[in-house]
Amino acid sequence: MKKGQGFGFKRERIELEPCPACKGKAVVQGVFYELVCSDCNGSGWVVLGSRVVLSSDELVTQLSFKLQWAQREIAVLQQGSSISGPAEYYQQNNRRGAGGSNYTGD
Ligand SMILES: [Zn+2]
């Protein structure tokens, strides 16, 4: 047992930035078809600042962290829109009903 591994269970979060060569698309446009971008190992991401490509093993983990974060963001956004969305809809409907109604009373 080595000492100093108390934080070893928590993997380091490496900041990533979109690959400048393929602009984060993971592929580049070849003459006839798209090619896997060699600058980022086909991931679309490089290490922020250094532009180093992560190894496949590390990349999978880091992309998972990123995806988990993105999914949380999406979940929050979806919750937010379900609260404000219907209210906006009803407000628009009320305005239309009060001002622009075609009901003549005949
Ligand atoms: Zn790339």
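Between which two strands does the loop that holds K23 lie?

## Basis of the model

This is a predicted model, in which local features need pLDDT of at least 70 and side-chain atom pairs count only at pLDDT 80 or more, while totals for chains, interfaces and linings use all residues. Residues are numbered from 1 along each chain as its sequence is written.

## Two loop residues with positive phi

K23 lies in the loop between β1 (16–18) and β2 (27–29), where strands are DSSP runs of E with at least two residues and helices are runs of H or I with at least four, both numbered from the N terminus. Although K23 is not a glycine, its phi is positive, at about 60°. K23 is exposed because 11 other C-beta atoms lie within 10 Å; the cut-offs are 12 or fewer for exposed, 20 or more for buried, and partly exposed in between, with C-beta atoms placed from the backbone.

N41, found in the loop between β3 (34–36) and β4 (45–47), is a residue other than glycine with a positive phi near 60°. N41 counts as partly exposed because it has 17 C-beta neighbours inside 10 Å.

## The nonpolar core

The largest nonpolar core has 7 residues, namely L16, C19, C22, C37, C40, W45 and V46; such a core is a set of buried Ala, Val, Leu, Ile, Met, Phe, Trp, Tyr and Cys residues joined through C-beta atoms within 7 Å. Apart from neighbours within four places in sequence, C19 is in contact (C-beta atoms, placed from the backbone, within 7 Å) with G24, C37, D39, C40, G44, W45 and V46.

Notes
Contact = placed C-beta atoms within 7 Å.
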